[in-house]
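Okay, thanks everyone. I'd like to walk you through one model today, so let me put it on the screen.

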Amino acid sequence: MTSSLSTVETSHLGASSTRSAPSLHGYDAGLLLLRLALGLTMAGHGAQKLLGWFGGPGLDGTGQFFTMSGYPSGRVMAVVAGLSETLGGLGLVFGLLTPLAAAAVVGTMVNALAVKWGGGFFAPKGVEYELLLTAGAAALALTGPGRFAVDRFLPGLRAHRLLYGVVALVLGVVLAGAVLLIKK
């Protein structure tokens, strides 16, 4: 066995061949790009809800939307959604507590999908955008953040485990379901 990660020795019917192994740096760069795009998008949406930044409605407008959509305590739901998006998004950006950050995004997006469901798939009334954000966050929960992440410095998360992502996603979906159950 060679100590190089860039080549893999294989033997087939007595013949030996060398092929290039996938670049771990390429995977890590791709995960970083996905985390940045998804995380900044979600953090921006959260800031719209919480602070009215980027042309957003702020807590009052978001609270009214939640009330009109059938959620009790619209302002409280606006805070929960805004914090989930902002903190989940920033967690993804930095690769900090990645499974939980991704689960926060997934939980929020499950509720967004439930509110928009029925308008078809494509924009402006469809769910394609929300579905893509949900799938991206779920993928990050399952794969982990890659090596360019704060999680690499945390003992329990240094080596990502699929189980962490699965448990976090189940938690996010169960909590999202509980919120949907109180919706009128």
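I'll go from the overall layout to the helix in the middle of my story, then the cores, then one threonine and some rings.

Quick housekeeping: this is a predicted model, so local features need pLDDT of at least 70 and side-chain atom pairs count only at pLDDT 80 or more, while totals for chains, interfaces and linings use all residues. Residues are numbered from 1 along each chain as its sequence is written, and side-chain values use heavy atoms, with hydrogens and water left out.

So, layout. The protein chain has six helices and two strands, and going along the sequence the pattern is β-β-α-α-α-α-α-α. Those are DSSP runs numbered from the N terminus: helices are H or I with at least four residues, strands are E with at least two. Of the 184 residues in the protein chain, 36% are buried. Buried here means under 20% relative accessible area, exposed means over 50%, and partly exposed is in between, with a 1.4 Å probe and protein chains only. The chain exposes about 10,600 Å², and carbon and sulfur atoms supply 72% of that; the areas come from the Shrake-Rupley method with a 1.4 Å probe, and for residues only the protein chains shown count as cover. Take contacts, meaning heavy atoms within 4.5 Å: among those between residues at least 6 apart in sequence, 59% join residues at least 24 apart.

Now helix α3, residues 74–94. Its 21 residues reach 30 Å from the first C-alpha to the last, close to the 30 Å expected at 1.5 Å a residue; the expected span is 1.5 Å times one less than the number of residues. The buried residues of α3 include several glycines, among them G74, G82, G88, G89 and G91. What covers the buried residues of α3? The cover includes α1, α2, α4, α5 and α6. Just after α3, G95 takes a positive phi of about 65°.

On to the cores. A nonpolar core is a set of buried Ala, Val, Leu, Ile, Met, Phe, Trp, Tyr and Cys residues joined through side-chain atoms within 4.5 Å. The largest one has 14 residues, and L38, M42, L92, V105 and A137 have the most contacts inside it. Helices α1, α4 and α5 each supply at least two of its residues, with α4 giving the most, five. There's also a second, separate core of seven residues, including Y71, M77, A78 and A81. Back to V105: leaving out residues up to four places away in sequence, V105 touches M42, G88, G89, L92, L133 and A137.

Next, T62, in helix α2. Is T62 buried or exposed? It's buried, with a relative accessible area of 5%. Its side chain reaches the backbone oxygen of G58 at 2.8 Å. Beyond its neighbours within four places in sequence, T62 is in contact with K49, P57 and A78.

Last, rings. Phe, Tyr and Trp rings (six-membered ring for Trp) pair if their centres lie within 6.5 Å; planes under 30 degrees apart are stacked, over 60 edge-to-face, the rest tilted. That gives four aromatic pairs. W53 and F54 have ring centres 6.2 Å apart and planes at 90°, so that pair is edge-to-face. F121 and F122 are edge-to-face too, at 4.9 Å and 85°. F122 is exposed at 60% relative accessible area, whereas F121 is partly exposed at 43%. And ring pairs link F65, F66 and Y71 into a cluster.

Technical notes
Polar contact = N/O pair within 3.5 Å; in protein donor to acceptor, adjacent residues only side chain to side chain.
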